[in-house]
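Dear colleague,

I am passing on the structure below, and would be glad if you could read my notes alongside it. The notes follow directly after it.

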Amino acid sequence: MIMPPPVRRLALTVHVTTSVGWLGAVSVFVVLGVVGMVSQDTDVVRAAYLIMEPTAWYALVPLAFASLASGLVQSLGTTWGLVRHYWVIFKLVINIGAVVVLLMYTQTLAGLADAATTPAFTPEALGPQRASPTIHAVVALLLLVLATILAIYKPRGTTRFARRRQRSTPADRPEPVRS
Amino acid sequence: MADPPRPAQVPPRTEAGSTPMPRWVKLSVIVALLAIALLVAMLLAGGHGPGRHSPNSGTSPGVSGGGHAPPVGGHG
């Protein structure tokens, strides 16, 4: 079902807001990861690891799901469709992949938070694994920037499914938007 | 996602409807497959994966603690 323009603009606003919010939250996570990785102050490292877990659950996860859901609404409610354009499919795959990895990574964050709460905690005990949050956050940031680039540039390319539908049902062809 | 497609953003259809897959799509798929293969190899090698940093995983000498749980009121 194609959304009328006012609803479409509202849905687009929600999608852009949640997606950019997710990007911003991941940027904060990069900072936390770097602090936890390089700081020599045990209390600072402990604080970084302790704040990562609630940040993930209360900022990253909700924003990620909101971005995914609003993106699905945007694609299914407009003539872009979900599987008609390669760039839409790529964005969907990036989004789903990032959500799945994020949910899996909360286990690691919980482990780091548990470790940070113990009196015997020392950053050095984690060894090279101290880099893990930073690496994951940077990869996530790159993927989200890539998704943003796809959304802005909308590189050409329609799928075989879209071409088949265009041939079989001319009424489904994307119509230009009247501004 | 954004405004619905404008005419300039929709590739011209050929008579046979056989628009080839764009080069950027092919390249991206190859890069993505390589990345996934690398990730799978790391997972199989045991050098990567969720929970590897848990105090109970044996990868964090010098620290100990109980199991993990989401923060109170966390995602259900």
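**Helix packing in chain A**

Helices α1(A) and α4(A) are roughly antiparallel to each other, a term kept for angles over 145 degrees, with those under 35 degrees counting as roughly parallel, 65 to 115 as roughly perpendicular and the rest as oblique. This is a predicted model, in which local features need pLDDT of at least 70 and side-chain atom pairs count only at pLDDT 80 or more, while totals for chains, interfaces and linings use all residues. Residues are numbered from 1 along each chain as its sequence is written, and chains are lettered from A and ligands numbered from 1 in the order in which they are written.

To begin with that pair, the axes of α1(A), residues 5-38, and α4(A), residues 132-153, come within 8 Å and cross at roughly 155°; axes here are lines fitted to C-alpha atoms, for helices over the stretch in contact, and angles run from 0 to 180 degrees between N-to-C directions. Helices are DSSP runs (H or I, at least four residues), numbered from the N terminus. The contact (C-beta atoms, placed from the backbone, within 7 Å) involves, among others, A:Trp22, A:Val26 and A:Val30 of α1(A) and A:Ala137, A:Leu141 and A:Leu144 of α4(A). By class, the residues of this contact are 14 nonpolar, five polar and no charged, where Ala, Val, Leu, Ile, Met, Phe, Trp, Tyr, Cys and Pro count as nonpolar, Asp, Glu, Lys and Arg as charged, and the others, Gly among them, as polar.

Helix α4(A) also packs with α3(A), at an angle of about 160° and with the axes 10 Å apart, so that α3(A) and α4(A) are roughly antiparallel to each other. Among the residues making this contact are A:Trp87, A:Phe90 and A:Lys91 of α3(A) and A:His136, A:Leu143 and A:Leu150 of α4(A), and the contact divides into eleven nonpolar, four polar and one charged residues.

As for α3(A) itself, residues 86-117, its 32 residues reach 46 Å from the first C-alpha to the last, close to the 46 Å expected at 1.5 Å a residue, the expected span being 1.5 Å times one less than the number of residues.

Finally, α2(A), residues 42-76, packs with α3(A) at about 160°, with the axes 9 Å apart, and the contact between them comprises 21 nonpolar, five polar and three charged residues.

Terms used:
Helices (H or I, at least four residues) and strands (E, at least two) are DSSP runs, numbered from the N terminus. Two residues are in contact if their C-beta atoms, placed from the backbone, lie within 7 Å.
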